[in-house]
Amino acid sequence: MSKNLSGKQKQFFKKRAHPLKPIVQIGKNGISTDVLEDIDRVLAKRELIKISILQNSDETNETVKEALESIGAIVISQIGRISIVFRVANEPKYRDVSAAYFETFGEGIDHDN
């Protein structure tokens with residue numbers, strides 16, 4: 001899957017992310033190496049997560065997006081200070097979202113890592 005998603009592809013991920021609560025918060029220390037490692041660990045098992053940028057953070061949506069892309073994640077959507085983020089899980093047993101994507105669109109999602 002390319003990072004340029006169609007509207008239908010984005011809607012697929014947004015629909016699945018709607019009930020999720022942000023699992024990672026970026027605060028006053030910004031998006032440090034430790035935070036990126038935490039996000040990396042979470043994405044390895046969940047594939048689809050929400051991340052929030054707290055009000056006391058100096059990070060912008062753009063800097064967060066660049067950092068997330070550096071670990072192979074795709075930022076599906078950014079609304080306000082909440083980002084919906086996807087990355088194919090390393091282990092097949094955690095690939096629930098990517099399996100549903102394949103069933104819906106008939107194509108796989110590239111697994112870069």
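The model is predicted, with local features requiring pLDDT of at least 70 and side-chain atom pairs counted only at pLDDT 80 or more, whereas totals for chains, interfaces and linings use all residues. Residues are numbered from 1 along each chain as its sequence is written, and side-chain values use heavy atoms, with hydrogens and water left out. Helices (H or I, at least four residues) and strands (E, at least two) are DSSP runs, numbered from the N terminus.

Helix α1 spans residues 7-17 and helix α4 spans residues 96-105. The two pack at an angle of about 140°, and their axes are 11 Å apart. Axes are lines fitted to C-alpha atoms, for helices over the stretch in contact, and angles run from 0 to 180 degrees between N-to-C directions. The pair α1 and α4 is therefore oblique; angles under 35 degrees count as roughly parallel, over 145 as roughly antiparallel, 65 to 115 as roughly perpendicular and the rest as oblique. The crossing of α1 and α4 is right-handed, the term for a near helix turned clockwise from the far one by less than a right angle, with anticlockwise giving left-handed. On the α1 side, K8, Q9, F12, F13 and R16 take part, and they meet V97, A100, Y101, T104 and F105 of α4, where contact means heavy atoms within 4.5 Å. By class, this contact of α1 with α4 comprises six nonpolar, two polar and two charged residues. Ala, Val, Leu, Ile, Met, Phe, Trp, Tyr, Cys and Pro count as nonpolar, Asp, Glu, Lys and Arg as charged, and the others, Gly among them, as polar.

In α4, the buried residues are V97, S98, A100 and Y101; buried means under 20% relative accessible area, exposed over 50% and partly exposed in between (1.4 Å probe, protein chains only). These residues cover an arc of only 155° around the axis, which puts them on the same side of α4. The arc is that of the directions from the helix axis to the C-beta atoms. Packing against the buried residues of α4 are α1, α2, β2 and β4. D96 and E103 are exposed and lie on the face of α4 turned away from its buried side. Just after α4, G106 has a positive phi of about 70°.

Helix α3 (residues 61-70) has V64, A67 and L68 buried. Their arc around the axis is only 100°, which puts them on the same side of α3. An α-helix has 3.6 residues a turn, so residues three or four places apart point the same way. The cover over the buried residues of α3 includes β1 (24-26), α2 (33-46), β2 (48-53), β3 (74-79) and β4 (82-86). S70 also lies in α3, but S70 is exposed, with a relative accessible area of 56%. G72 follows α3 and has a positive phi, near 85°.

Two loop residues were also examined. E47, in the loop between α2 and β2, has a positive phi of about 65° although it is not a glycine. At 0% relative accessibility, E47 counts as buried. E59 is located in the loop between β2 and α3. Its C-alpha atom is 7.4 Å from that of I31, 28 residues apart in sequence. Apart from neighbours within four places in sequence, E59 is in contact with I26, G30, I31, I53, V64 and R81.

In strand β2, K50 counts as buried at 14% relative accessibility. Beyond neighbours within four places in sequence, the contacts of K50 are A17, H18, L20, K21, P22, I23, V24, I82, S83 and I84. The C-alpha atoms of K50 and F86 are separated by 8.9 Å, the two residues being 36 residues apart along the chain.
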